[in-house]
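Please open the model in a viewer and follow the selections below in order. Each stop names what to select and then describes what is found there.

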Amino acid sequence: MPDTEPPRAPRLPRAALQIGGRFTEARDGATRDTLDPASGATVLTVPEAGAADVDAALSAARTAFDDGPWPRTPVQDRARLLERVADAIDAETEELAWLETLDTGKTLVESRADMDQIAQVFRYYAAEARTARGDVNPVPTDALSLTVHEPVGVVAMITPWNYPLLQASWKIAPALAAGCTFVIKPSELTPLTTLRIGEMLQEAGLPDGVANVVLGGGAAVGAPLTEDPRVDLISFTGGIVTGRRIARAAAENVARVALELGGKNPNLVLADADLDLASDQALNAVYYHAGQVCSAGSRLLVDRSVADALTERIVDRVGRIRIGFGWEEATELGPVISPEHLEKVQGYVALAQEEGATLVAGGGRPSDPRFAQGTFLEPTVLTGLPHDGRVAREEIFGPVLTIETFDGDAEGIRLASATRTGLAAGIFSRDAARAMRAARRLRFGTVWLNDFHPYFPEAPWGGFGESGIGRELGRTGLAEYQEEKHLYWNLDPEPVGWFGKRDDDA
Ligand code: NAD
C-alpha cells in the first residue's frame with residue numbers, strides 16, 4: 001500500500017439523502033464525489049439533491065412538525081433521545097473521527113476532540129431541556145400571566161466544511177431539545193459525518209421526518225432552502241458573503257435567522273506577557289485545523305518591546321511543525337480543504353508581501369513528493385504587516401500568521417478593535433486586572449485571557465457586528481429554537497361593556 005493511503009477505511013455512512021425517514025437517491029440520479037483533501041482520492045460518491053428533493057424534505061419536516069408527535073413529545077423523552085445519541089457518538093467516536101479526518105483533512109487528534117465535544121453538546125441540551133422553565137408574570141389584575149416556550153417550527157440548517165459535525169451538533173441538539181423539525185444541508189465538500197448523524201438519530205428512535213438530510217451546492221440546494229416559506233428559522237454557519245444573501249432571503253418571508261459568520265480575530269500580547277505561554281498559544285491560535293477555524297487567531301498584535309523575543313520563539317517552533325496526513329498520529333498540520341482554497345490562502349501570502357510584510361517562515365507547498373496530490377501549505381509567518389492593508393482586515397482561513405507591532409496597551413486595543421467582524425480575541429498579560437480592562441474594551445463575542453480557543457456547551461458562542469446574528473451554545477443557543485408565548489387567564493372575569501351600550505346604560 002502506498003504511504004499516501006490511510007491504513008484502514010472507516011465504516012462509511014449510507015450514500016443517500018434522508019427524507020421523511022427514508023434513505024433515497026436524488027430523484028434525477030445526480031451524484032458528487034467527496035474527496036480526501038490530503039490525497040485527492042474519492043472517499044464516497046453521494047447523491048446530489050435537486051429542487052424536487054429539497055421540496056420533499058421540506059414537506060416532510062413541515063408535516064412532522066404540524067402533525068407529528070415530536071413537538072408534543074414530553075421534554076423528558078426528548079432529553080432521553082438526546083442522551084442516547086450522545087452515548088452512540090461516544091461508542092462510535094473513533095469511526096466518526098476517521099470519517100471527519102478523511103473528509104476535512106484535519107488531524108485525528110483534532111477530530112477526536114471534536115467528537116468528544118459533540119457528545120457533550122447533546123448531553124448539555126438534554127439537561128437544558130429537562131431544567132428549562134417558563135415564567136409567571138406579575139400582572140396587576142386577578143389573573144395568571146404565563147410565559148411558555150414553544151418550538152420555533154421547521155428549521156433550515158446550513159453548515160460549513162471546517163467543522164462539519166461540530167457545527168451541525170450546535171444546531172441539531174438544541175433544535176431537537178426545543179421540539180423542532182429540520183432539514184440540514186452540510187457543505188458539499190464534507191457531507192460524511194452529517195450523513196452518519198442522520199442515521200444515528202433515526203437509530204435512536206427519532207420519528208420519521210423530524211431530521212432530513214439533503215446534499216448539494218449552495219446555489220442549487222442551499223438557496224431554495226432559505227427561500228421557502230415553509231421554513232420558520234434559518235440557522236446558518238459559513239462565510240459573510242453567503243450570510244448576507246441568506247439574511248436577504250430570510251427577510252422576504254420574515255423567517256427567523258441565526259448567522260454564525262467569519263471573524264478577523266486579533267491575538268494581543270501585552271508588554272508584560274509570559275512569552276513562553278504567549279508563543280505556544282499563538283501557534284495553537286493559528287495552526288489549529290490549518291487555520292481553517294472561524295475564531296483562528298491569525299492576526300498577532302505584539303507590544304513592540306517584546307516583539308523580537310516573541311517572534312524568535314514562534315519562528316523556532318514553526319520550523320518544527322510536522323506536516324502530514326490527518327490520520328498519521330504524529331501529524332500536527334494537515335492540508336487545507338481544496339485546491340481553490342489553497343490558491344486563495346496563497347493569494348493572501350503574496351498580498352501581504354505586496355503590502356510590505358516580510359515572509360519569515362513557510363509560504364510555499366511542502367517539497368516532500370508524498371504531499372504532491374494534496375492541498376498542503378507550509379505553516380507560514382509574516383512580520384511587519386501594515387495595520388491598514390487588506391490582509392490586516394480580511395479573514396485568511398489558512399495556516400498563515402501575520403505579526404503587527406504596537407506601542408502600549410491603548411494602541412493595541414485600538415488596532416485589535418479595527419474590525420467589523422468581532423468574533424473572538426485573545427489577550428496575554430501577567431496582570432489580571434490589566435488584561436481584564438483590555439478585555440472589557442474589546443467588542444468581540446468571546447475574549448480569551450491567557451488562552452486561545454476554548455469553548456464549552458455551557459457558554460454562548462457568536463460574534464459582534466458582521467460576524468453574525470444570535471448565539472449558539474449555552475441557554476441562548478436553546479432560545480434560538482424557541483418562540484416565547486404569553487398565556488393570559490383572567491381569574492375574575494366580568495363584562496367590560498365598552499361597546500354597543502344602550503342609551504339607558506350608565
Ligand atoms: P460558505 O459561506 O461558502 O458555505 C457555507 C455553507 O453555505 C455551505 O453549505 C454552502 O454550500 C452554503 N451556501 C453557499 N451559498 C449559498 C447560498 N446562496 N444559499 C444558501 N447556502 C449557501 O462558507 P465555507 O467556506 O463553507 O465556510 C467557511 C466560513 O465559515 C468562514 O468564513 C468561517 O469563518 C465561517 N465559520 C463560522 C463559524 C462561526 O461559528 N462563526 C464556524 C465555522 C465556520
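Begin by selecting Arg123 and Asp87, which form a salt bridge whose closest N and O atoms are 2.7 Å apart. Arg123 belongs to helix 4 and Asp87 to helix 2 (residues 75–91), so this contact ties together parts that are 36 residues apart in sequence. Both ends may be coloured by accessibility: Arg123 is partly exposed at 32% relative accessibility, and Asp87 is partly exposed at 46%. The model is a predicted one, and a search of the whole structure finds 35 salt bridges.

Next, select strands 5, 6 and 22. They form an open sheet in the order 5-6-22, with antiparallel pairing. Strand 5 (135–136) and strand 22 (482–490) stand at the edges with a single partner strand each, so one side of each has no neighbour in the sheet. Strand 5 pairs with strand 6 (residues 143–151) over two bridges, and Asp135 can be found opposite Thr147 of strand 6.

Remain at this sheet and display the side chains of Glu150 and Lys485. They form a salt bridge, with the closest N and O atoms 3.1 Å apart. Since Glu150 lies in strand 6 and Lys485 in strand 22, the pair ties together parts that are 335 residues apart in sequence. Glu150 is partly exposed at 31% relative accessibility, as is Lys485 at 36%.

Now move to Arg244 and Glu466, a salt bridge with its closest N and O atoms 3.5 Å apart. Arg244 is in helix 8, whereas Glu466 is in the loop between strand 20 (464–465) and strand 21 (468–469), 222 residues apart. For a further selection, take Arg14, Glu92, Arg196, Glu199 and Glu203, which salt bridges with shared partners join into one network.

Then turn to the pockets. Where does the largest pocket lie? Domain 1 (17–24 + 37–261 + 467–487) and domain 2 (266–449) both contribute to its lining, so the largest pocket lies between them. Its volume is about 1300 Å³. Of its 47 lining residues, Phe236, Gly238, Gly239, Ile240 and Thr242 are the closest to the centre. The lining comprises 17 nonpolar, 17 polar and 13 charged residues.

Finally, select Leu283, Asn284, Tyr287, Ile321 and Glu332, which lie nearest the centre of the second largest pocket, among its 15 lining residues. Helix 9 gives the most to this lining, with four residues. The second largest pocket has a volume of about 410 Å³, and it lies between domain 1 and domain 2, because both give residues to its lining.

Terms used: Residues are numbered from 1 along each chain as its sequence is written. This is a predicted model: local features need pLDDT of at least 70, side-chain atom pairs count only at pLDDT 80 or more; totals for chains, interfaces and linings use all residues. Side-chain values use heavy atoms; hydrogens and water are left out. On a 1 Å grid over the protein atoms alone, a cavity is a set of points where a 1.4 Å probe fits but cannot get out, and a pocket is an open set with protein on both sides within 12 Å along at least five of seven lines; lining residues have an atom within 4 Å of a point. Grid points are joined across faces, edges and corners, and a volume is the space filled by probe spheres set on the points. Ala, Val, Leu, Ile, Met, Phe, Trp, Tyr, Cys and Pro count as nonpolar, Asp, Glu, Lys and Arg as charged, and the others, Gly among them, as polar. Domain bounds come from an automatic or database domain assignment. Two strands pair if DSSP finds at least two bridges between them. A salt bridge is a side-chain nitrogen of Lys or Arg within 4 Å of a carboxyl oxygen of Asp or Glu. Buried means under 20% relative accessible area, exposed over 50%, partly exposed in between (1.4 Å probe, protein chains only).
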